[in-house]
Amino acid sequence: MSKNRLFFIFNPKAGKGLIRVHLVDILDVFVKAGYEVEVYPTQEKGDATRMVSACADDFDRIVCSGGDGTLDEVVTGLIQSGSHTPVGYIPAGTTNDFASSLEIQGSMEEAADIAVKGNVFPCDVGAFNDDTFIYVAAFGIFTGVSYQTNQKLKQFLGHAAYVVEGARSLTGITSYPLEIAVNGETLQGEFVYGMITNARSVGGVKNLAGKDVELDDGLFEVKLIRMPKNPLQISEIMANLLRPRECDTPYIFSCRAAFIEIHSEVEVPWTLDGEFGGEHKDVRIVNRSRRVSFLVP
């Protein structure tokens, strides 16, 4: 009787490179679970997408280890291939927001065990124009923090590195003139921040997108912040970002939506799952309901 096949792809540079210490034990978990394992360490950006796109249907399970960016590449490759092979995740990045949302905690060996023995959870993911994101597409203040933060600083300071870089983004606030179509409503004006999420943790902050977030309901949590007019509004915005709560103000718009279109006369830089997602004038975001199955506790 042939064994089930597992493709293990990992980023050897993610986080503090701890995968190198745990690699043998992780592979031992896979083999003892009855899998024939093929291993691939990524060599460069985009490598995971290319590999998974080419071979997803050749395996019964795909397991990846790295940060949210690595997982994003794996899911992108899975969708490009049209495959529905279940995905296991062993977080090894600095913040690991999506692992927190999936409640994957503990050691890397424990995460490996979940990847081969856990429950299959069909989860929503997002389409961003021709690209894919797992849990957050965002623009504006703070959104460049993850991909602009120096990798060595991330490894040395961990989550504190994001705080250091985030403080710098407050020295000057850029606004973007946008026209936003969502839920049959059109919003117009100057916006300093926007995030479309499917996560319980963003940037290491739990409940930033709101409470009672469901990852498989076919809806995104949408938060848009208009340009503040005075220092008091800036402080209230920061209070909401750092200590999320229900709010009713003229400059913060929140809703749930499956589809959103955003138009700008200027190029707007976006981040997708913490990585630079390019600059765009027109953005179309669609919820791919329950498109990717993850292994969860």
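**View 1. Tyr 89 and the residues packed around it.** In this predicted model, Tyr 89 touches Cys 64, Gly 66, Gly 67, Asp 68, Leu 71, Asn 96, Ala 99, Ile 104, Ala 111 and Ala 115, leaving out residues up to four places away in sequence. Tyr 89 sits in strand E4, which runs over residues 87-91. Its relative accessibility is 1%, so Tyr 89 counts as buried, the cut-off being under 20%. Ala 112 is 23 residues away from Tyr 89 in sequence, yet their C-alpha atoms are 7.5 Å apart in space.

**View 2. Polar partners of the Tyr 89 side chain.** Two partners to look for here are Gly 66 and Asp 68. With Gly 66, the Tyr 89 side chain reaches the backbone oxygen, at 3.3 Å. With Asp 68, the polar contact runs side chain to side chain, at 3.3 Å.

**View 3. Helix H1, its bend and its buried face.** H1 covers residues 19-32, and its 14 residues should span 20 Å at 1.5 Å a residue; the end C-alpha atoms are 19 Å apart, which agrees. Look for a bend of about 30° at Asp 25. The buried residues of H1 include Ile 19, Ile 26, Val 29 and Phe 30. An α-helix has 3.6 residues a turn, so residues three or four places apart point the same way. Strands E1 (4-10), E2 (35-41) and E3 (61-66) are among the elements covering the buried residues of H1, along with E4 and helix H5 (108-117). Just past the helix, Gly 34 has a positive phi of about 95°.

**View 4. Ile 90 and the largest nonpolar core.** This core has 61 residues, and the ones touching the most other members are Phe 8, Phe 30, Leu 71, Ile 90 and Phe 294. Back at Ile 90, the contacts beyond four places in sequence are Phe 8, Ile 26, Phe 30, Val 63, Cys 64, Ser 65, Gly 66, Met 108, Ala 111 and Ala 112.

View 5. Cys 55 has a relative accessibility of 12%, so Cys 55 counts as buried. Cys 255 is buried too, at a relative accessible area of 17%.

Technical notes. Residues are numbered from 1 along each chain as its sequence is written. This is a predicted model: local features need pLDDT of at least 70, side-chain atom pairs count only at pLDDT 80 or more; totals for chains, interfaces and linings use all residues. Side-chain values use heavy atoms; hydrogens and water are left out. Helices (H or I, at least four residues) and strands (E, at least two) are DSSP runs, numbered from the N terminus. Buried means under 20% relative accessible area, exposed over 50%, partly exposed in between (1.4 Å probe, protein chains only). Contact means heavy atoms within 4.5 Å. A polar contact is a pair of N or O atoms within 3.5 Å; within protein, one must be able to donate a hydrogen and the other to accept it, and residues adjacent in sequence count only if both atoms are side-chain atoms. The expected span of a helix is 1.5 Å times one less than its number of residues. The bend at a residue is the angle between axes fitted to the seven residues ending there and the seven starting there. A nonpolar core is a set of buried Ala, Val, Leu, Ile, Met, Phe, Trp, Tyr and Cys residues joined through side-chain atoms within 4.5 Å.
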